[in-house]
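Here is a short briefing on nonpolar packing and charge pairing. Please look over the model before reading on.

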Amino acid sequence: MSVNQFLKPITTEVNEKGHISIGGCDLADLAKKYGTPLYVLDEETLRGICRDYKNAFKDYPNIKMMYASKALCTSAVVRILDEEGFGFDTVSSGEIYTVYKSGVDMSKVLFNGNNKTRKEIELALDLKVGRFSVDNFYEAELLNQIAEEKDLNVDILLRLTPGIECHTHEYIQTGQIDSKFGFDLTQVDEITDLIVNKYKNLKLKGVHAHIGSQIFELKSFADEVEILIKEIERINKKFNLKLDEMNIGGGLGVKYTEEDCPPDVKDLADVITEAMHKHSVEIPVIYLEPGRSIISTAGVTLYTVGSSKTVNIDSKIKRYVSVDGGMADNPRPSMYQAEYLAEGVNVSALSNRVKEKVTIAGRYCESGDIIINEIELPKPQAGDVLCVYNTGAYNYSMASNYNRVEKPAMVLVKSAQSDIIVNRESLEDLILHDNIPDRLRK
Ligand code: LLP
């Protein structure tokens, strides 16, 4: 079983006090020490999935693992991924800068995105980012122009839209034909011609696609590889090139609830390498850009229960239990109807309580701010600490200050040690960037 198939961090257990612990740290103690809401990240789980990926592809000679840093990009996370030998897929100056400041060899960084600005391109070139994935005609011209100004040659991949619809939420599909990302296959010759004959500072190395996220069907990846190889073979022949790099993006799913059955990383590797071996093209470099499957399972969020409310609708009772976080630290339920599992951390104390169906509501002023709709739990009471699992990916990275609430802290746990890796925001932080024009000052 690979780590993405676990619902909880692999170190999760109930300790001698009858509390849930992760990375050897008692979650009730963490909540007390650091306050809630609190993001907790388990280092062993994170390193475990990195090793699963590396082992799964160990027989394929030219694999390059790139962590999609959009899933969670903090300096400590970057350090761990760097130690595990991963490169980084980045999509903004902020991600590039974080990776750079964390001491990463910038040749292992790829710059993605459908509307990179001049300023971002300049930063990426100045910091010597290894690859650009060129998304559109406008960018190709702009990148070539800036590279010419700086007298640089830039290694690029072409972002393609392979026309694959995978079964996932429509907001996180990206490979379908009407996607905003990339060149569709009818535009490939035109852009290749421009690169070969006009954009002298761009050096085409290969192709790139990303078909979507939270994917369970491996067939979608096989189809994608098939399309990308055919394109490489076709372009090489038509333009007399030797493209030998193929970035197949990320997308492997994780287990948010008991019903989810994501595939094993080993099976993903088999599907990809099998599809490669069907072709005569010389074994290209394959880039993989997983984000969610790398970081999601390692993360949990702790909340404290506050108010509750019982509503009687048509003689059906609905009970809301509100916690001290919600859509600003985890926007996924309200954005994608994402589902999660929660548990009270004080397992022994909860064992004598009756179970009931509750809806875990967030604290934000929005009816849609529901973290879990109807889950059976030992009757939650004010002061209980709840743990919501699988919140490592796209939670902190999409967090906001909605309702002017401070973003939570994040701690890294390992071998019974906990370290802050993101400080909790303070009230002062919230007004740090405000400015009052002189005429309004008191
Ligand atoms: N590569 C590219 C070009 C991408 O656009 C993405 C994700 C990835 C790699 C990583 O995909 P992953 O392995 O994480 O599935 N906020 C949404 C997910 C958006 C994904 C965007 N692109 C969510 O919370 O579900």
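Which residues of the largest nonpolar core touch the most other members? They are Tyr53, Tyr67 and Phe132, in a core of 85 residues. The model is predicted: local features need pLDDT of at least 70, side-chain atom pairs count only at pLDDT 80 or more, and totals for chains, interfaces and linings use all residues. Residues are numbered from 1 along each chain as its sequence is written, and side-chain values use heavy atoms, with hydrogens and water left out.

**Nonpolar cores**

- A nonpolar core is a set of buried Ala, Val, Leu, Ile, Met, Phe, Trp, Tyr and Cys residues joined through side-chain atoms within 4.5 Å.
- Buried means under 20% relative accessible area, exposed over 50%, and partly exposed in between (1.4 Å probe, protein chains only).
- Helices (H or I, at least four residues) and strands (E, at least two) are DSSP runs, numbered from the N terminus.
- Leaving out residues up to four places away in sequence, Tyr67 touches residues including Leu72, Phe86, Asp89, Pro290 and Ile295. Contact here means heavy atoms within 4.5 Å.

**Salt bridges around Glu84**

- The count of salt bridges is 26. Each has a side-chain nitrogen of Lys or Arg within 4 Å of a carboxyl oxygen of Asp or Glu.
- Glu84 pairs with Arg47 at 2.9 Å, N to O. Glu84 sits in the loop between helix 3 (75–83) and strand 6 (87–90), and Arg47 in helix 2 (residues 43–56), 37 residues apart.
- Glu84 is buried, at 4% relative accessible area. Arg47 is buried too, at 13%.
- Glu84 also forms a salt bridge with Lys54 (3.0 Å, N to O). Lys54 lies in helix 2 and Glu84 in the loop, so this pair ties together parts 30 residues apart in sequence.
- Lys54 is partly exposed, at 33% relative accessibility.
- A network of salt bridges links Glu43, Arg47, Arg51, Lys54, Glu83 and Glu84.

**The Asp89 pair**

- Asp89 forms a salt bridge with Lys70, with the closest N and O atoms 3.1 Å apart.
- Asp89 lies in strand 6 and Lys70 in the loop between strand 5 (63–68) and helix 3, so the pair ties together parts 19 residues apart in sequence.
- Asp89 is buried at 1% relative accessibility, whereas Lys70 is partly exposed at 30%.
- Asp89 is also one of the residues that Tyr67 touches.
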